[in-house]
Amino acid sequence: MSTVTGRRDRRGVGTGAARPDGIPKVTGEFAYSSDLWEAGMLWGATLRSPHPSARIISIDTTAAVAMPGVRAVLTADDVPGRPTYGLEVPDQPVFASDVVRYVGEPIAAVAADHYDIARRAAAAIVVTYDVLDPLLDPEASLTAEPLHPDGNVFRHMVIRHGDPDAVGDPAAGDIVVEGTYEVGMQDQAPLGTESGLAKPTADGGVELRIGTQWLHVDRDQIAASLDLDPDLVQVELAGVGGAFGAREDVSLQIHLCLLAKRTGRPVKMIYGREESFLGHVHRHPARMWFRHTAKADGTLVKVEAKLLFDGGAYCSSSPAVLANATCFAGGPYKIPNAVVEGSAVRTNNPPCGAMRGFGSVQVCFGHEGQMDKLAAALGMDPVELRLKNALAPGDRLITGQRLDGAAPVAALIEAVAASPLPGEVDGPMGLPGGPGRTTQAGDVRRGVALAVGFKNLMFSEGYDDSAAAKIRLFDGVATVSTACAEVGQGFVTLVHQIVHEVLGDDIEVVLNTASTTDVGSAGSTSASRQTWMSGGAVKLAADDIKAQVDLDPDRAEYLADVVHQHTPTTPLDENGQGEPHVSFTFACHRAVVDVDPELGVLRLVDLVTSQEVGKILNPVQLLGQLEGGAAQGAGLALMEEIVLEGGHIKNPSFTDYLIPTSFDLPELRVAAIIEEPEPHLGAPFGAKGVGEAPTISSGAAVIAAIRAATGLELPRVPVRPSDIALSPDRTP
Amino acid sequence: MNYKLSVNGTDHTVESTWEGESLLYVLRERLGLPGAKGACEQGECGSCSVLLDGDLVCSCLVLAAAAEGRDVRTVEAVAGPEGLSDVQQAFLDAGAVQCGFCTPGLIVAVHDLLERHPQPDDLTMREELAGNLCRCTGYGRIMEAVRMAADRRAASA
């Protein structure tokens, strides 16, 4: 699909409406959090731990304080309020004072007249450590001495579904396949690094402009650590250079606000790329064991799995990530019996938390690897095996939850499987190795494989999840306020489309800058939830305005102030059973990969997808999510990994941490976009968030295609050239 | 040490700064031209792309003081008085902009590409622009924007 513009003859939903922030973004005028400037502004810098585990004996700031141009040097002693923060559990120190638990943990922050003075002053702080042996193995963590007063296990959970003791009947030809799979640590690598600007306010508070995913949760964590009333902390969204989960946790927010309060001046901070790798959480690396039992005709009898996620030094969103991994461990299949056990543990590795796909990405490598193994053991076509077991509406998930709403798993698989295969590549540039011209066409082996995945939309397990919005209609202008963080996904476009759809094309729509001051929380821009939640809130507010206008068309001004809540969910019981999720999203990918087995180099030749989307609000933006999400999933299979050695990140740069370039990817082809015939209750116009599903199955399809090309087991992603070229199992 | 920089046809005097400052830093922090973005500080991502005497460079790798006497063109000079450039318009029309952090660098790079390859094929486009990282789009809409701009130029030629 090369051209999708949608209709532009009207401005409502379903059209390819243009981004309202598009023009300033193409001219360079759009103000990202790194572009902020204030008169008299200082620069901030952070001192971080060089050790994965150590006791702090002393911190001497004398030399830093004495440097000309230095205005403040802050340590843990300067935090007036709660000394810790965290998304689910406040277990992470604002500044380490007694021990450090990972390389990069903040110890002090500096404000100075110049960026370089601030960095030199931070480097001039003398910290004396008693270096300890780090705990780096997540398996050892389960039984090791606790690294933290909260213990080493962030969460342990078990799902027991159907008959947990069910076993296959070998006499009847039942088949059992086992596999272990491993996923490396992926970085969100948003192009914009962490940055922001804080300044003190006249009322004794502080104002922060920041790139974030959730303004109100930042505000509450800042207020707690600064010991301020939350109303005295104003957080406003600055331009965000991508997020993908990296901006859910606090990074420099509290440090900046402390520095601004202490100096009485505006303070700006920008992380460099290396500091960005140290300063935000990553996708959990995972070790996963699976055992699948199926009848001779391919019908799944039972799925067993044990999942171990390395959460690193602090909790972040590890419990929620693990819940997703555990709940979706079986994949989008009918599974009558399941036992899935998951653990997320603390180590002295870098903290892990949210990244696009949130737990479902890791397990998709496992359940799809297993389906291919099972198909091979059964002598069955892997597509046929998947179709035989595909989830359908009304089926029960392994949590016991009934699948309400759309679940066109079979249709998604069929669409992708029916898509025509590409021919031979045209010319040497298209071979593995590309312009390096390393590969002879005759050496190339091609693999084709398909994968399917799913996950939840919105927060889960009984979380009280909501989004607020306000609209003021005055003189033909609808002014919308929502605290939803636009991080690039195009929510700002949807606001315009939704308001036009409800109130007509002739009114003018103005969207206020997202801020904690004029509207309640929008919740997080994560979990594929903002189209549904904040989009739903904007629609509710617009509907309210329309009803007022219909009732009394002569008023000058109309106001609507709403909070949108999704249908309630429940916690999981001790067997992991319940109604933990609001809604689900499904996607399928088929990859074609050419491999040069001698060198272990690869080329992703073709990638085709299908996805269930509820209802298309903007076909251009939808395609952008499908393409961008697939690229991140493929990147994890092909190249993306934070390489750790002794707890140190060995590749904290774009020279060494590779993300796909335009040359690494083919044009994504779309085989099917499936809309839901009956809109789900609460979804605006029936629309679902579409951003995460593309990241789940794309990587699993790529690794499966590499397996198909090479005949190798390749249980680990990303695949390194040496995994192929130097594999003892490689047939010459 | 003061030095002069010619940026987008305007002469600036950069006053008594540390001469180790990169062109990117000076453009952004001293000359009020934040269009070029810093994302890697080592010439890998292309977010800071500018033209130096007509050559596409990463401004993070250029010493600002070494650019004295040369012609620096940034994204801020791409749009003319008559409005957006054809490449900028194509980026909007194709849906090539998401977070937009890579966009200014890509706008400069695509103008440079189309000067040298007015009708690039797919692999040429992808190879030529491989020095401009984008994390949001997967490049699909960006390639569509390049095709769109190239086709429109060819049609109006």
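Modeller: In this predicted model, seven residue pairs are in polar contact between domain 1 of chain A and domain 3 of chain A, with both residues of each pair at pLDDT 80 or more.

Biologist: What makes a pair between domain 1 of chain A and domain 3 of chain A a polar contact?

Modeller: The test is a pair of N or O atoms within 3.5 Å, where one must be able to donate a hydrogen and the other to accept it, and seven residue pairs between these two domains of chain A are counted as passing it. The count of salt bridges between domain 1 of chain A and domain 3 of chain A, by contrast, is zero.

Biologist: Which helices of chain A supply the side of domain 1 that touches domain 3?

Modeller: Helix H12 (491-503) and helix H13 (530-551) of chain A each give two or more residues to that side, and the largest share, six residues, comes from H12(A). By class, that side of domain 1 of chain A has five nonpolar, nine polar and two charged residues.

Biologist: How much area do domain 1 of chain A and domain 3 of chain A bury between them?

Modeller: They bury about 1,300 Å², with 63% of it on carbon and sulfur atoms. In domain 1 of chain A, the residues that lose the most area to domain 3 are A:Ser528, A:Thr531 and A:Trp532, which together account for 48% of what that side buries.

Biologist: Turning to the two chains, why is the pairing of B:Arg126 with A:Glu667 called a salt bridge?

Modeller: The closest N and O atoms of B:Arg126 and A:Glu667 are 3.5 Å apart, and the cut-off between a side-chain nitrogen of Lys or Arg and a carboxyl oxygen of Asp or Glu is 4 Å, so the pair qualifies. Between chain B and chain A the count is eight salt bridges, and the count of residue pairs in polar contact is 30, again with both residues at pLDDT 80 or more.

How values were computed. Residues numbered from 1 in each chain as written. Chains lettered and ligands numbered in written order. Predicted model: local features only at pLDDT ≥ 70, side-chain atom pairs only at ≥ 80, totals over all residues. Heavy atoms only, no water. Buried area = accessible area lost by both parts, 1.4 Å probe. Polar contact = N/O pair within 3.5 Å; in protein donor to acceptor, adjacent residues only side chain to side chain. Helix = DSSP H or I, 4+ residues; strand = E, 2+ residues; numbered from the N terminus. Nonpolar A, V, L, I, M, F, W, Y, C, P; charged D, E, K, R; others polar.
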